[in-house]
Every structure is written in structure tokens, then in C-alpha cells.
Amino acid sequence: MINALRGMQDLQGEKAILYQKIIAVCEKIAQNYGFAYFNAPHLELSSLFKRSVGESSDIVGKEMYEFNDKGGNEVCLRPEGTAGIVRAYIEAKFDKMQSVKRWFYHGSMFRYERPQKGRLREFHQFGVESFGVKSVFEDATLIFMVAQILAELEISATLKINSLGCEKCLPEFRVKFLKFIDGKGEFCEDCVRRKALNPVRMLDCKKEHCQELLKNAPALKECLCEDCKKDFGKLQELLNAGNLGFEVDDKLVRGLDYYSKTAFEFESADIGAKAAVAGGGRYDRLISYIGGKEGHGVGFALGIERLMAILESRNLGHEREGVYLCALDERYLGEIFTLGLNLRKKFKVSLNYEPKKLAKHLNLADTSNALIFLCIGENEAKTDSIFYKNLQSKDEKVLKIADLEQILLKFS
Ligand code: HAM
């Protein structure tokens with residue numbers, strides 16, 4: 001038997017229902033905020049991610065699905081969505097005009113991580129990227145957007161924010177930080193790599209030993225330049241004004257190298273160990289890093305599987321819906337076939353073309369999670385009627401087919 005690869009899963013049944021539900025909520029809210037759908041390729045040149053996500057990140061350092069294609073190009077399955085969309089923004093020359101573009105996307109991302117609950121090798125994100133807007137109001141707007149999505153899904157999460165400074169103030173912090181860690185003892189292997197490439201990323205190392213060594217490390221917020229300080233203050237003011245609770249986390253630096261100024265994460269304890277359900281921030285430097293004209297970008301991505309894991313525990317994928325339509329005898333199959341075609345113009349209908357006893361059909365309708373059961377037998381066929389049962393309320397009656405649509409409209 002050939003099984004799916006480790007850390008990769010099929011989305012079907014309850015998982016598929018939840019996936020679609022989450023995406024529908026995200027899409028509706030993103031559209032309300034003026035974002036348009038964007039579909040970027042899953043495969044890009046590896047150099048795109050090396051340059052953007054950064055060599056110091058675990059993603060580039062250890063987790064990329066990289067290979068040479070038949071043309072000899074070094075390519076990689078996208079580990080995240082931002083870099084590809086920035087590449088597309090530049091490729092379409094929107095950077096030259098500093099165009100304001102607001103896009104949303106969803107789909108598979110690939111990271112060769114150690115699989116566990118809420119952590120897969122192929123997982124899905126819903127993300128948004130906003131280009132051409134310098135104002136910190138945009139950063140706040142995106143944070144409120146995530147909060148609105150989570151509220152609509154009835155998922156509670158805590159918001160952590162930080163400012164990572166800019167090219168003016170970050171170098172000064174880096175010097176201070178390097179001085180602080182100098183002679184501090186042995187950091188983990190990952191931190192040694194981070195120290196050489198982007199030392200600030202050591203701040204959010206998950207290893208207890210490294211965190212111990214980092215106690216009393218200088219805080220980024222104390223080294224911010226006037227502009228970054230002003231924006232970070234304004235961001236907090238806007239979150240407070242919108243009654244969105246948050247915590248300033250000095251150690252939040254995010255796992256990707258491209259951020260400057262605003263960085264944020266929404267964390268939930270409902271997946272088992274505390275885990276981020278969404279993360280994002282501002283990445284103004286990234287556009288010029290990838291070869292475009294200096295500009296502005298800010299975005300976030302939600303981890304769909306993590307949201308699904310929270311909703312799964314509430315049995316939300318089991319709600320009854322749709323119609324199960326069937327017949328007791330072969331003679332009435334033509335009737336249910338025609339009726340099905342008509343009803344499907346408005347309703348979700350599944351047809352069973354096998355004539356069976358009523359109890360058998362009811363059983364099948366029940367296990368298929370249908371809400372409404374409709375069946376034609378001899379008596380119904382003679383009187384242009386149909387047997388109706390609501391599988392939730394257990395209400396049952398014989399209805400005239402002419403009245404059926406009116407009744408079903410109540411449940412659609
Ligand atoms: P990220 O924090 O790497 O950010 O990922 C965003 C979310 O994807 C995480 O908060 C988490 O919920 C989910 N996620 C990450 N890795 C896995 C995994 N292995 N299995 C399941 N879920 C996972 C980014 O990817 C940035 N591109 C976000 C962004 C957009 N920043 C600006 N624009």
C-alpha cells in the first residue's frame with residue numbers, strides 16, 4: 001500500500017468541511033477590507049526564499065523542499081506565501097509606481113519540520129499582503145482583521161506585538177546585543193548559526209538554556225529611533241482604542257528575517273502546547289532586497305490546520321446539511337432524477353439511485369449527515385407527493401411536491 005508522506009494529509013470529511021468554512025470566513029472578511037484574490041505559483045526559485053526569508057531562519061536553514069528541475073533550475077516548494085507575492089509585485093512593475101495593492105491568498109506551504117499536532121510538512125495558510133502603504137494605521141488594520149476572523153470563528157487567542165526597528169536603529173541594537181551575548185556561555189547550534197547571520201533572531205530561541213542566557217538582554221524597544229518609536233506608540237494607541245488586548249513581547253522577533261518595525265503573533269493554548277495561529281508584520285526592506293524599488297509592505301498569515309485543530313475539538317464539522325433524495329422502488333427513479341435536477345438549482349441534494357427499504361435509506365441519510373430526508377414510494381407517486389423527514393427535529397410528513405421548495409427554503 002502506498003501511504004501519504006509523513007506530515008502530509010488528505011483533507012476530506014470533517015477536515016474538508018472545516019477547511020472550507022475557515023476559508024469562507026477569511027475571504028469574506030478580507031474582501032470587506034478591500035483585499036482581492038491572488039494565486040501565486042507553489043514552486044519558485046530557491047534563491048527567492050534564501051534572499052527574503054533569510055539564511056538565518058530555520059525555514060531556509062533546514063526546512064526547504066528543494067530540488068533541481070529538468071532545466072537545471074534550483075527550485076523550491078514555497079515554505080510561505082509572502083516572498084512569491086513580493087516577487088510578483090515587482091515583476092508586474094507595481095513597485096516602480098509605488099502602487100497600493102491589497103491581496104489575499106490561501107493554499108499549501110511546505111516545510112520539512114518534525115510533524116506533530118498542528119505542525120505538518122504540507123500545511124495551509126490564509127494570508128494577506130498590503131503594498132504601498134507606509135502608515136502604521138495599515139499595520140493596525142491587519143491586526144484587527146485577524147482578530148475579526150478569529151472572533152467570527154469563535155477562537156480565542158492572545159496577541160503579542162513588538163517593534164523590530166528599521167535600518168536606522170536595528171544596527172545599533174545589534175551591536176548592543178552582540179556585546180551582551182559576548183562571553184555568555186554556549187548557545188544551541190541554531191543560535192550559533194543565527195549569531196553569524198542575524199543575531200537578533202536568537203532572542204526568540206525556544207530552548208530553555210538559551211533563554212536563561214538571554215535573561216536581562218537589552219530590549220529592542222529601548223533602541224528604537226524616533227520614527228519607529230512613534231509608530232510603535234501609535235500602534236498601541238490604535239489597539240487600545242479598538243479594545244483589542246495585547247502584550248508587548250520584547251523577545252518576539254518572528255521566524256523569518258524580512259520584518260522591520262511591526263511584528264505580531266496570535267497565540268492559542270487550545271492546540272495542546274501554546275502555538276501561534278497567525279503571524280505577520282511589516283517588511284518594507286523586502287521589496288528592495290528582492291530587486292524592486294524601495295517601498296512598503298505589511299501582511300500576515302493564519303495557519304489553517306491550527307485553526308482546524310481548535311474547531312475539530314468542538315465537533316463543528318458535524319452539522320447536518322442538505323437533502324438526501326431517494327425512492328423505494330425502481331419505477332420512481334426517473335421522478336427523483338428529474339426532481340433532483342430541479343432542486344439542485346437552489347439546494348444541496350444528494351441522490352441515491354438504489355431502490356431500498358425506508359429504514360435502510362433513513363440509515364444512510366443519517367450517516368451522510370443530511371438534514372432533510374425525501375423519499376418517493378407507491379402512495380407518494382400516486383398523489384404527486386413526497387415523504388419528508390427533518391433528521392434533526394425528527395418532524396415528518398407527506399408533502400405535495402409543489403410545496404416542497406417553500407419548505408426547503410426555510411433550511412437553506
Ligand atoms: P509564519 O509565522 O511562518 O509566517 O506562519 C504563519 C502561520 O502558519 C503560523 O502562525 C502557523 O499558524 C502556521 N504554520 C507555520 N508553520 C506550520 C506548520 N509546519 N504546520 C502547520 N502550520 C504552520 C509566515 O509564513 C509569513 N509569510 C506571514 C506573513 C505574511 N508575514 C507578512 N505577510
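The structure is a predicted model, in which local features need pLDDT of at least 70, side-chain atom pairs count only at pLDDT 80 or more, and totals for chains, interfaces and linings use all residues. Residues are numbered from 1 along each chain as its sequence is written, and side-chain values use heavy atoms, with hydrogens and water left out.

**The shell around the ligand**

- The ligand is surrounded by 26 residues, each with a heavy atom within 4 Å of it; the closest are Glu80, Thr82, Glu113, Tyr259 and Ala276.
- By type, the shell divides into 12 nonpolar, seven polar and seven charged residues; Ala, Val, Leu, Ile, Met, Phe, Trp, Tyr, Cys and Pro count as nonpolar, Asp, Glu, Lys and Arg as charged, and the others, Gly among them, as polar.
- Strands S6 (122–131), S10 (275–282) and S11 (297–303) each supply at least two residues of this shell, strands being DSSP runs (E, at least two residues) numbered from the N terminus.
- S10 gives the most, with five residues.

**Atoms beside the ligand**

- A polar side-chain atom of glutamate 113 lies 2.6 Å from a ligand nitrogen atom.
- For leucine 120, a backbone N or O atom lies 2.9 Å from a nitrogen atom of the ligand.

**Serine 135**

- Serine 135 lies in the loop between strand S6 and helix H5 (136–152), helices being DSSP runs (H or I) of at least four residues.
- Serine 135 is partly exposed, with a relative accessible area of 31% (partly exposed: between under 20%, buried, and over 50%, exposed; 1.4 Å probe, protein chains only).

Key
A polar contact is a pair of N or O atoms within 3.5 Å; within protein, one must be able to donate a hydrogen and the other to accept it, and residues adjacent in sequence count only if both atoms are side-chain atoms.
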